[in-house]
Structures are given as C-alpha cells and as structure tokens.
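Visitor: I would like to learn how to read the packing of helices and strands. Please take me through an example.

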Amino acid sequence: MASKKIYNESNNTTLPIVSISKKTKDSYNNGRNLLSITQKDLQNIANNICDDFDIMRIPVDFSGIQPSKIYNNRISRKVLGRYSKICGFEKIRVFRFSPKQKKQIAPKTTIEVLLHELIHYFDMELFHLGDTIHCLGFHKRISQLRDMIK
Ligand SMILES: [Zn+2]
C-alpha cells in the first residue's frame, strides 16, 4: 500500500503545461484512426509525448495476450498494459490481443492504454512520487494529457 503522503502528493499533482507538438497531435490522431496499429506507431506516439515533456524516451512493447482471470466462466480483471522498472530498466507493455478470441485490440483502446502507462512513467520519473497509484489525481492526469494532445 502506498503511504498517505504519496497518496496526497499524487492527488495534488497535475501535468506541467507544455506545448504539444504538431507531430504528437498528428501521430495520436492518425493512430486512433488506423484500422490496425503497430508497435512502431505506438513507440512513435510515446516518443513524441516524451519529447514534449522533455523526459527520456521509454521503450514500448506491443505484444502478448491480456492476462486475465476467469470467474464463473466470465473474464474478469483483464490487464491491459503494464509499466515496469526492473534493475533501472523501464518499459511499457501494451498487451496486443484479447484473452478469449485473441483479437488484436482496437487502435483507440490501445492508445488509451499507452497514455495510462505513460502517466505511471511520469509519476515515477517526472514527478518522483515514489510510487504510482490509481488515485483520482492519476486519472485526472490521464484526462489532462488527452485534452492537451487532441
Ligand atoms: Zn495502471
């Protein structure tokens, strides 16, 4: 469990106002309208966003089936993506296929997951919060990022 201090700091943190480049907006909007999105497209969007916020680029992996638990014959607790830092090496993973039908995730959803994971990354490396938690402030930062880009 995150400490109360981190929780409060996280809730009170908003993204700095930076100018979002046309490159970022184009890669985001074009990506959302693709029929099928690739790892290269996702990496490109992530790079552009990191550049705008002047933070080191982070590798994005777009592969695998969403981990899930089956409960009463229904899928519950799907994992859509993951931000990890192992031995100082950071990466974002966006799971590519749905658990049941193994269908590739739609581009709009995929990019949403990417923004979510990027905020986890920002929490650690831009805001140095010490932990990154799904509090109200976290979800506000995702909306803020989305509003800045579109
Ligand atoms: Zn998360």
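Visitor: Which strands does helix α4 lie across?
Guide: Helix α4 (residues 107-125) lies across β1, β4 and β5, and runs at about 160 degrees to β5. Axes are lines fitted to C-alpha atoms, for helices over the stretch in contact, and angles run from 0 to 180 degrees between N-to-C directions. Helices (H or I, at least four residues) and strands (E, at least two) are DSSP runs, numbered from the N terminus. This is a predicted model, in which local features need pLDDT of at least 70, side-chain atom pairs count only at pLDDT 80 or more, and totals for chains, interfaces and linings use all residues. Residues are numbered from 1 along each chain as its sequence is written.

Visitor: How many helices and strands does the chain have?
Guide: The chain has 5 helices and 5 strands. Along the sequence they follow the pattern α-α-α-β-β-β-β-β-α-α.

Visitor: How do I read a sheet, and in what order do the strands stand here?
Guide: Strands of a sheet pair through backbone hydrogen bonds, either parallel or antiparallel. Two strands count as paired if DSSP finds at least two bridges between them. Here 3 strands form an open sheet in the order β1-β5-β4, with mixed pairing. The edge strands, β1 (60-62) and β4 (81-86), each pair on one side only. From one strand to the next, the twist averages 20 degrees.

Visitor: Which way do β1 and β5 run, parallel or antiparallel?
Guide: β1 and β5 (residues 89-94) run parallel and are joined by 3 bridges. Val60 stands opposite Ile92 in β5.

Visitor: And how many bridges join β4 to β5?
Guide: There are 6 bridges between β4 and β5, which run antiparallel. Gly81 has Val94 in β5 as its bridge partner, and Ile86 has Phe89. These two strands form a hairpin with 2 residues between them, and Cys87 in the turn has a positive phi of about 50 degrees.

Visitor: How is a pair of packed helices described? Take α2 and α3: at what angle do they cross?
Guide: Two packed helices are described by the angle between their axes and the distance between the axes. The axes of α2 (residues 22-32) and α3 (residues 39-52) come within 9 Å and cross at roughly 150 degrees. That makes α2 roughly antiparallel to α3. The rule for such words is that angles under 35 degrees count as roughly parallel, over 145 as roughly antiparallel, 65 to 115 as roughly perpendicular and the rest as oblique.

Visitor: Is the crossing of α2 and α3 left-handed or right-handed?
Guide: α2 passes α3 in a left-handed crossing. A crossing is left-handed if the near helix is turned anticlockwise from the far one by less than a right angle, and right-handed if clockwise.

Visitor: Which residues of α2 and α4 meet?
Guide: Tyr28, Gly31 and Arg32 in α2 meet Pro107, Lys108 and Ile111 in α4. Two residues are in contact if their C-beta atoms, placed from the backbone, lie within 7 Å. By class, this contact of α2 with α4 has 3 nonpolar, 1 polar and 2 charged residues. Ala, Val, Leu, Ile, Met, Phe, Trp, Tyr, Cys and Pro count as nonpolar, Asp, Glu, Lys and Arg as charged, and the others, Gly among them, as polar. The axes of α2 and α4 come within 8 Å and cross at roughly 140 degrees. These two helices are therefore oblique to each other.

Visitor: At what angle do α3 and α4 pack?
Guide: α3 and α4 pack at an angle of about 40 degrees, with their axes 11 Å apart. They are therefore oblique to each other, and their crossing is right-handed. Leu42, Ile45, Ala46 and Ile49 of α3 make the contact with Thr110, Ile111, Leu114 and Leu118 of α4. The classes in the contact of α3 with α4 are 7 nonpolar, 1 polar and no charged residues.
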